[in-house]
Amino acid sequence: MKKEQTVTVTEENKMGVMPENRLLITMALPMMISMLVQALYNVVDSIFVSRIGEDALTAVSMAFPMQNLLIGLATGIAVGMNALVSKALGEKKSDTANHMAMHGVFLAVCAYLLFLVLGLTISRVFFCHSGRIGNHRGLRA
């Protein structure tokens, strides 16, 4: 029975038993691919939007930093919550894990509300100060 437990523990704990180089590749490669896909999405989006016009491309280019900020905050919350919840689950504290997950959802909703308010209040001023897209009375079509 101890042998079954040992096999299960070593299979579950790849960070403790896998060679460092292989572990680094298996852990880092998916994140690198994810960032590459995100960057390629913005490049392809810019190519197609540039066919509409220069103002449309400028608008997409100016929205990119805000989009990256949103993705960074969401990823930070997700990674932090993942670490806390998995630690609590590893300690067999399911009530604490549920509590942490609820806090993670709350933080995600707060981040959503923050970006909603920012988008509704400063986006027009942000885009209008570029001097290319429109004025304070409204964006040109």
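Predicted model: local features only at pLDDT ≥ 70, side-chain atom pairs only at ≥ 80, totals over all residues.
Student: Are helices α3 and α4 roughly parallel or roughly antiparallel?

Tutor: Helix α3 spans residues 20-50 and helix α4 spans residues 54-90. Their axes lie 9 Å apart and the helices pack at an angle of about 160°. Angles over 145 degrees count as roughly antiparallel, so the relation of α3 to α4 is roughly antiparallel.

Student: Which residues of α4 make the contact with α3?

Tutor: The crossing of the two helices, α3 and α4, is right-handed. From α3, the contact draws on Q38, Y41, N42, D45, S46, V49 and S50. By class, the contact has seven nonpolar, five polar and one charged residues. The α4 side is made by A56, L57, V60, F64, Q67 and I71.

Student: Is K87 exposed or buried?

Tutor: The side chain of K87 meets that of E91 in a salt bridge, at 3.1 Å from N to O. E91 is partly exposed, with 38% relative accessibility. For K87 the relative accessibility is 51%. Exposed means over 50%, and K87 therefore counts as exposed.

Student: Which residues do salt bridges with shared partners join into one network?

Tutor: The whole structure holds two salt bridges. One pairs E91 with K87, and K93 meets E91 in a salt bridge at 3.5 Å, N to O. K93 is partly exposed at 42% relative accessibility. Through shared partners, the network consists of K87, E91 and K93.

Technical notes
Residues numbered from 1 in each chain as written. Heavy atoms only, no water. Axes fitted to C-alpha atoms, helices over the stretch in contact; angles between N-to-C directions. Helix = DSSP H or I, 4+ residues; strand = E, 2+ residues; numbered from the N terminus. Parallel < 35°, antiparallel > 145°, perpendicular 65-115°, else oblique. Left-handed = near helix turned anticlockwise from the far one by under 90°. Contact = heavy atoms within 4.5 Å. Nonpolar A, V, L, I, M, F, W, Y, C, P; charged D, E, K, R; others polar. Salt bridge = Lys/Arg side-chain N within 4 Å of Asp/Glu carboxyl O. Buried < 20%, exposed > 50% of the residue type's maximum accessible area, 1.4 Å probe, protein only.
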